[in-house]
Amino acid sequence: MQDRQNNKMSCESDATLFASDASKTDVITLTDAITREGISNEEVIKIYETWASTYDQHVETAHNQSYNNAIGEIRKLGLKKDVRIMDIACGTGRLGEELAKIGFTNLDGLDGSQEMLEKAKERNIYNRLMTVLFGAEPVRGIEDDTYGVCIAIGCFTVGHLESDCMQEIIRMTQPGGHVVMQISDHGLAGVAGFQETVDAHIAAKKWKLVSSTRITLYDNMEGTIFTFQVL
């Protein structure tokens, strides 16, 4: 009973924190709160219900570098502009908007939060948006080998995506297609078996590593961006 009461108090505190003005709450504080040890997927989704209205305001500066890292990797691949792209955990669609700015026209997105997807919809850049709590199970309505590129930026972390969802990313991606994944060192510490799962899929010849680059996400937060080619 005490644990339930503590969880309720934590959620109520989070709701206040994430609804605050961006000038009063820095993004590191918010990131720490939404990726705290023991947070559940359900708690995360509840927070995003509240945060959707102020999310872009809070992350404007912090996420610019993350998106720049991802766009840089995409540019290196020399893709056709009509390649079908899945933006996994797309949130309010800020990465999709950056992809659209450089000419990509065939974007889909999925996210666990309907409220965040409503914001993404307002950008008018996605062909399809799906409310999905993404994991190891196949996403209903997405066939094998659908996408030329799948992108997962900043979503491998506590309470969000787990290592076992990589198999679903591979399933959705066409042979010869690419997967771009970015993870912070904080996320790497909190997601069990991340590197081991990456390596297991390489060993099983499900994908091959194209590049692994150390990056700065924002402030002093470091991480790695990976590009794979599905086999």
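Which residues does Arg123 touch, not counting residues up to four places away in sequence?

## Surroundings of Arg123

Arg123 touches Asp56, Thr92, Gly93, Arg94 and Glu97, leaving aside residues up to four places away in sequence; contact here means heavy atoms within 4.5 Å. The model is a predicted one, in which local features need pLDDT of at least 70 and side-chain atom pairs count only at pLDDT 80 or more, whereas totals for chains, interfaces and linings use all residues. Residues are numbered from 1 along each chain as its sequence is written, and side-chain values use heavy atoms, with hydrogens and water left out.

Arg123 is placed in the loop between α6 (114-121) and β3 (126-131). Helices (H or I, at least four residues) and strands (E, at least two) are DSSP runs, numbered from the N terminus. The Arg123 side chain makes a polar contact with the side chain of Asp56 (2.6 Å). Such a contact is a pair of N or O atoms within 3.5 Å; within protein, one must be able to donate a hydrogen and the other to accept it, and residues adjacent in sequence count only if both atoms are side-chain atoms. A polar atom of the Arg123 side chain also lies 2.5 Å from the backbone oxygen of Thr92.

## Aromatic pairs

The structure holds 7 aromatic pairs. Rings of Phe, Tyr and Trp (its six-membered ring) pair if their centres lie within 6.5 Å; planes under 30 degrees apart count as stacked, over 60 as edge-to-face and the rest as tilted. Tyr48 and Trp51 form a stacked pair, because their ring centres are 5.8 Å apart and their planes at 10°. These two residues are 3 apart in helix α3 (residues 41-51), and are therefore separated by about one helical turn. Both Tyr48 and Trp51 are buried (under 20% relative accessible area, with exposed over 50% and partly exposed in between; 1.4 Å probe, protein chains only).

The pair of Phe194 and Phe226 is tilted, because the ring centres are 5.8 Å apart and the planes at 45°. Phe194 lies in helix α9 (residues 194-203) and Phe226 in strand β7 (residues 221-230), so the pair ties together parts that are 32 residues apart in sequence. Both Phe194 and Phe226 are buried.

An open sheet of 7 strands runs in the order β3-β2-β1-β4-β5-β7-β6, with mixed pairing; two strands pair if DSSP finds at least two bridges between them. Strands β3 and β6 (207-218) stand at the edges with a single partner strand each, so one side of each is left without a neighbour in the sheet.
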